[in-house]
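Here's a quick look at a ligand and the site around it. Load up the model and follow along.

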Amino acid sequence: MRIVVLVSGSGSNLQAVIDAVADGSLPVTIAAVGADRPGTGGVERARNAGIASFEVDFRQYDDRADWNRALTEAVAAYEPDYVVSSGFMRIVDQHFLDRFPNRYLNTHPALLPSFPGAHGVRDALAYGVKVTGCTVMIADAGVDTGPILAQAPVAVLPEDTEETLHERIKVEERRLLIATLGSLAAGGTGAA
Ligand code: GRF
């Protein structure tokens, strides 16, 4: 099963997938890693692992639709079975989704539908929930919406900050993403 992973940040979740493929526990080929901006940790990790990478810099496009088309072509060139958004901080449009129908996976560091958007960890902490977690879903054109494949709970500790909570969530998020990809690679539904 071939995947392209899209990142915007440090790529620590991507690194967990790279490591799982390298140790043989995940029968997946990471065909490429793409970013919406230059200088991401995710692309650096890909290069260190000898994985192809590309950048479709959002700021180089005046028109969002043009950026989406460029991203679609850059991803399609690698002929992925699934595209995985892992810390990718852009919302793709229907043109992109139509090229990869029901094949665009997203991970989110909260128990959707609670706390969607770019600050799910901060919002959950601010709300005062005692349990949050992470979600893997098939993304649609909305913000962190689409059919949920898997979720995992993470307790919120009294002394948690956004950073400490997010790091603990990421541990579960990496496990969940790898389990979901493993299920899909085995012909399953991805429900972990
Ligand atoms: C993940 O928690 C992801 O769900 C969120 O940002 C984080 C990405 O972290 N959107 P990293 O770039 O994989 O370290």
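## Ligand site

An N or O atom in the side chain of Lys170 is 2.9 Å from an oxygen atom of the ligand. That makes it a polar contact, meaning a pair of N or O atoms within 3.5 Å. Here it is beside two others:

| Residue | Atom on the residue | Distance to a ligand oxygen atom |
|---|---|---|
| Lys170 | side-chain N or O | 2.9 Å |
| His166 | polar side-chain atom | 2.7 Å |
| Thr107 | backbone N or O | 3.4 Å |

The protein covers 89% of the 370 Å² of accessible area that the ligand has on its own (Shrake-Rupley method, 1.4 Å probe). Keep in mind that this is a predicted model: local features need pLDDT of at least 70, side-chain atom pairs count only at pLDDT 80 or more, and totals for chains, interfaces and linings use all residues. Residues are numbered from 1 along each chain as its sequence is written, and side-chain values use heavy atoms, with hydrogens and water left out.

There are 13 residues around the ligand, with Ser10, Ser12, His166, Lys170 and Glu173 coming nearest (a residue counts if one of its heavy atoms lies within 4 Å). By class, that shell has 2 nonpolar, 9 polar and 2 charged residues; Gly counts as polar, and Asp, Glu, Lys and Arg as charged. Helix 6 gives the most to the shell, with 3 residues (helices are DSSP runs of H or I, at least four residues).

Methods
Polar contact = N/O pair within 3.5 Å; in protein donor to acceptor, adjacent residues only side chain to side chain. Helix = DSSP H or I, 4+ residues; strand = E, 2+ residues; numbered from the N terminus.
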